[in-house]
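Look at the model first, then read on.

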Amino acid sequence: MSNFTNLMKPITFGRNLVAPNRMYFSSVGFDLCDSIGRPLPEFFEIYESIMKGGCGFGFLSNASIDPTSQYTDRSLKLVSHLHAADLLPVFKTAKKLNFPLGVQLQHYGVSDNHQPNLFNATKPAITDDVSSLTEEQIIAYIDHFHEAACLALEIGAPALQIHAANGYLLSSFLSPRTNRRTDRWGGTPLNRARILLEILRRIRLSAHDRMAIFVRLQVDDGFGTEGLHVEQLEDVIVAIEESGADAITCATGVADTFAKFLGDREYAMMVSRNAARFLKRKTRLPVGFAANIDSLTAAEEILASGDADFVGFGRAIIADHHFVRKELSGLSNEVNHCLWDSYCLRDKKEPLADRVFCCVNPQYLRPQHIQVKYQENR
Ligand SMILES: Cc1cc2nc3c(=O)[nH]c(=O)nc-3n(C[C@H](O)[C@H](O)[C@H](O)COP(=O)(O)O)c2cc1C
Ligand code: SF4
């Protein structure tokens, strides 16, 4: 453990939330809900197992805040008291395990009734173009985020994460590529961030000190100068801090550029480290990221360099829930190492898959016929 002195330092988020170490489970939608977004039994089993795996804190997968928006037919929703009550057991388990658990609040984007949805014919397609939204629609989105946060407060969630990344609604506002508005919701970076800042202010006003608010912030779209990149966030990060956020998790890529980040470790790491370093110069908020980190040695080096305050793992933990605990105990040889093929991400849109699987995790190995299909169409 002495090799990981930076990783093992406790960290405080906001006034009250203390995580025992600086490693987090990055939000992963396992798609273990029914068609109205209520969790199935496997949902609880997975999160309990992950919470026992050594990370200091983590997030439940993307909970949709809009009754009409769901990424897949099996993703989580937080849109009613019923949905909130469904999550009580997982937060009770988290409390028992002394694991600071947050719920990620998500809106996938604007419905586009003029385009076919290639993945689900029964639902409208989603567009990242936010230019045609009316003022009323934008206000309704802000209300939905606030209502979902109040539901999370109602069940005692100690943290939440606002998803403002990866090409979904809030990051579509942030990016100059998808936000061509000329009113107060577009134009300058601060105007493009206005919807996020409004959501933060509303939630902070209701939550006071009862909840730590993380922002999953898009720091690079992967489109070069045409898209969003971290330098545009110089004033935005200051406003995010002033509006009530407690921490930032940096994120990169949108649907068209995910492969570039998820498949190229050096590139993803370089962009994420540069962005975290840049943001840390502008804010006192703790800043972290998950970007293809495959060992605690690599994670420790990032913290030791000062580039980030905490680090996250997505696929390393999908592959082995106890990856962190095993590495901390010197049992690296017992880790089911991720193959970094990102097939788990393909499961989300694969008609033959009814959940997210893994190539190496024996708890949910991908059925052979799907695995073979992926290998044949790399
Ligand atoms: C199968 C899968 C599902 C994911 N689901 C979400 C999600 O629901 N919300 C989110 O913000 N990020 C999601 N991500 C992104 C991860 O949180 C993480 O940012 C990304 O995988 C990079 O971390 P890694 O390189 O350690 O995997 C998902 C990633 C994978 C592979
Ligand atoms: S499916 Fe592949 S990339 Fe995803 S976690 Fe498993 S081994 Fe890693």
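Helix H11 gives the most residues to the shell around ligand 2, with 3. Helices (H or I, at least four residues) and strands (E, at least two) are DSSP runs, numbered from the N terminus. This is a predicted model: local features need pLDDT of at least 70, side-chain atom pairs count only at pLDDT 80 or more, and totals for chains, interfaces and linings use all residues. Residues are numbered from 1 along each chain as its sequence is written, while chains are lettered from A and ligands numbered from 1 in the order in which they are written.

**Ligand 2**

The shell holds 13 residues, and the closest are Arg 315, Ile 318, Cys 338, Cys 344 and Cys 358. A residue is near a molecule if its C-beta atom, placed from the backbone, lies within 6 Å of it. Two or more residues come from each of H11 (315–319) and H13 (343–347). Ligand 2 lies between domain 1 (2–339) and domain 2 (341–378), because both give residues to its shell. The domain bounds come from an automatic or database domain assignment.

**Strand E5**

| Partner of E5 | Bridges |
|---|---|
| E4 (residues 57–64) | 5 bridges |
| E8 (residues 159–164) | 4 bridges |

Ser 64 stands opposite Gln 106, and Leu 105 faces Ile 162 in E8.

Key: Two strands pair if DSSP finds at least two bridges between them.
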